[in-house]
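Look at the sequence and the structure first.

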Amino acid sequence: NASWASTRSARLPLKVHASVATLARAASMPYGSFNNFMKASGDFGGRDNQCYHPAADLVERLRLATGKAKSKKRKALEAEVDAGIVDSRSGGPKLGLDPHGKYWMPVGAPFRMTKDSLGRNVFA
């Protein structure tokens, strides 16, 4: 899992080196917001930042520019979306449950979070 956290520069999973300011400009986002996004940690750290979707689009453009193939997980998520299996909150692919999130559970229900075949957090 590649880390996006940096204050001056970032190393993207695609081995593209650029300053946060350069990446912010490339994503057409304000530097401060993009910098906060880059500092966010964990699978769900930056999901509520305004830069989340523009950064994802930027990473996809970099993947295409470098000719890197889509991952198995990416292909599986796209297949789920094509089949109509989407996240009710975002309308995008289901990325799993935030292990630090709060969830309503029936009284006495067993609460056990585990990983599915794609590595997403799910209730077992």
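Phe34, Phe37 and Tyr52 form one aromatic cluster. The model is predicted: local features need pLDDT of at least 70, side-chain atom pairs count only at pLDDT 80 or more, and totals for chains, interfaces and linings use all residues. Residues are numbered from 1 along each chain as its sequence is written, and side-chain values use heavy atoms, with hydrogens and water left out.

**Aromatic pairs**

The structure holds four aromatic pairs. Rings of Phe, Tyr and Trp (its six-membered ring) pair if their centres lie within 6.5 Å; planes under 30 degrees apart count as stacked, over 60 as edge-to-face, and the rest as tilted. One of the pairs is Phe37 with Tyr52: the ring centres are 6.4 Å apart and the planes stand at 80°, so the pair is edge-to-face. Phe37 lies in helix α2 and Tyr52 in helix α3 (residues 52-66), so this pair ties together parts 15 residues apart in sequence. Helices (H or I, at least four residues) and strands (E, at least two) are DSSP runs, numbered from the N terminus.

**Accessibility**

Buried means under 20% relative accessible area, exposed over 50%, and partly exposed in between (1.4 Å probe, protein chains only).

| Residue | Relative accessible area | Class |
|---|---|---|
| Phe37 | 10% | buried |
| Tyr52 | 27% | partly exposed |
| Tyr103 | 30% | partly exposed |
| Phe123 | 32% | partly exposed |
| Met105 | 32% | partly exposed |

**Surface patch**

Tyr103, Met105, Phe111 and Phe123 form a nonpolar patch on the surface, with about 350 Å² of accessible area together. Patch residues have over 30% relative accessible area and no salt bridge; nonpolar side chains (Val, Leu, Ile, Met, Phe, Trp, Tyr) are joined within 5 Å, like charges within 9 Å. A salt bridge is a side-chain nitrogen of Lys or Arg within 4 Å of a carboxyl oxygen of Asp or Glu. Areas come from the Shrake-Rupley method with a 1.4 Å probe; for residues, only the protein chains shown count as cover. Met105 is placed in the loop between α4 and β3.

**Ser33**

Ser33 belongs to helix α2 (residues 31-39). Ser33 is buried, at 15% relative accessibility. Leaving aside residues up to four places away in sequence, Ser33 touches Asn49, Gln50 and Cys51 (contact: heavy atoms within 4.5 Å).
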